[in-house]
Amino acid sequence: MQADDRTGPEGGFPGRLLKAPENFIDAAGVRTVFAEAKQGRRDFIRRAFASAVGAGAAGGAVVAQAQSNPVPTEGGDPNILELPEHSRNLGQGVASEGYGRPSKYESNVQRRPSPGLTQTTQSSVSFAPLQSLFGIVTPSGLHFERHHQGWWDVDPSKHRLMVNGSDEKMVRTPKVFTLDEIMRLPAVSRFHFIECGANSGMEWGNVAVPTVQYSHGMLSCSEFTGVPLKIVLDLCGVDYKRGRYVLAEGADGSSMTRTIPMEMIESGEVLLAYGQNGEMLRPENGYPLRLVVPGVQGVSWVKYLRRIEVGDAPYAAKDEAVHYIDLMPGGLHRQYTSIQECKSVVTTPSGGQVLLDKGFYNISGLAWSGRGRVAKVDVSVDGGRNWRPARIEGPVQTKALTRFNIDWVWDGRPAIIQSRATDETGYVQPSYRQLRAVRGKRSIYHNNAIQSWLVQESGEVKNVQLS
């Protein structure tokens, strides 16, 4: 088969895609980012990335050519005619690596920190490479990280969970549990997304970052295994009539504490999780025990969980009274807005990628809602003038990522690609104009506006915002 004979759905030629560069910023770029951040420039990250992308374009083209390994027009394809070494010799021994690793050809797929957000490695964040993932599960080693004081590999034999009340009558029998005792209780396994409340937060005012990894990568989805917190509270004899809130406290140096409404726990959704994607939690994700609060911003999924206190009022902890609050247009702050509203993003094509040919492309992306299942996703390629329903790949699960895709034949002219999700409650993901009308431009958290990617005539894809 010759290359020109290959056609995609709708009769278009299957287009080639140049992946987004992965080595965005070198050491000099990091220094520039910090210097410009101190000067208060909002678009410092975008310009630093743009410079790095431009510098890496030539190398990227070489990589793309090597990846495509095109079929010769005549003389036969040596990839078929010549047996490679791996077809003629013994491979590596069984279990030569006790814990498997990705192929060396995929070593560029990594979570990456943002040098512009924080100036210490312990109080920082890394972003999941959404543009390189398939389906809805984030591999545990690529799960995004957010730490306020670094991560620890805690000895599970010494880790304890204490349950107590804010007064002596709130909990009839306060208890201390070992991890082994928790793991012997009835467990459940469920897929759920986790999103930092600040995901897309740099984009509130204007375009700030070039790629989907940095605009939406504080997002992951895993199968979590653990014990419903309700079971443990029942064992301790909680007074549910008075105890309508719990305070969850982590064991790391940041002393992360968050208030969780009791109705979430009574629903059975809130888990004391020790498992993730079939294995124990990774240390970066809270090993050996973390709270899983489906649909709620990631800061409430307290890592290294060591204490649950039952009380009769929200606790207004430091990260509820000072941080993780919404700045409203009138200057007031809004507290306890933890639910992650319905949102979606196209991951391919997305910022930093390059369409090398006219022809067929499969637009693919992710949708999610903190209030339940995703009901549908619409996709536009003309900046929102016209919308088409996307295919939902499935499975569609409550408060989990949902993968969608749709056919598109690119004619070589500029196009603006968007996705718009609707959840089962009927909530429709807003445009930036709609979101800013009620939230203003100066907030940080809970930005769920429609993302726009501009495909330029050159095939380069850029992050843009429509007014």
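Tyr-324 is buried in this predicted model, with a relative accessible area of 6%. Its place is the loop between α8 (318-321) and β15 (326-327), and its phi is near 55 degrees, a positive value in a residue other than glycine. Ser-200 also has a positive phi, of about 70 degrees, although it is not a glycine. Ser-200 sits in the loop between β7 (188-195) and α5 (212-216) and counts as buried at 7% relative accessibility. For context, most residues other than glycine have a negative phi, and most peptide bonds are trans.

| Peptide bond | Omega | Loop holding the proline |
|---|---|---|
| Tyr-287 to Pro-288, cis | near 10 degrees | Pro-288: between β12 (279-280) and β13 |
| Thr-348 to Pro-349, cis | near -5 degrees | Pro-349: between β17 (343-348) and β18 (354-355) |

Now to the rings. A pair of aromatic rings is described by the distance of the centres and the angle of the planes. With centres within 6.5 Å as the cut-off, the count comes to 4 aromatic pairs. One of them joins Phe-224 and Trp-301 edge-to-face, at 5.4 Å centre to centre and with 65 degrees between the planes. What does this pair tie together? Phe-224 lies in strand β8 (residues 219-228) and Trp-301 in the loop between β13 (290-292) and β14 (305-311), so the contact links parts that are 77 residues apart in sequence. Both Phe-224 and Trp-301 are buried.

Notes: Residues numbered from 1 in each chain as written. Predicted model: local features only at pLDDT ≥ 70, side-chain atom pairs only at ≥ 80, totals over all residues. Heavy atoms only, no water. Phe/Tyr/Trp six-rings, centres within 6.5 Å; stacked < 30°, edge-to-face > 60°. Helix = DSSP H or I, 4+ residues; strand = E, 2+ residues; numbered from the N terminus. Buried < 20%, exposed > 50% of the residue type's maximum accessible area, 1.4 Å probe, protein only.
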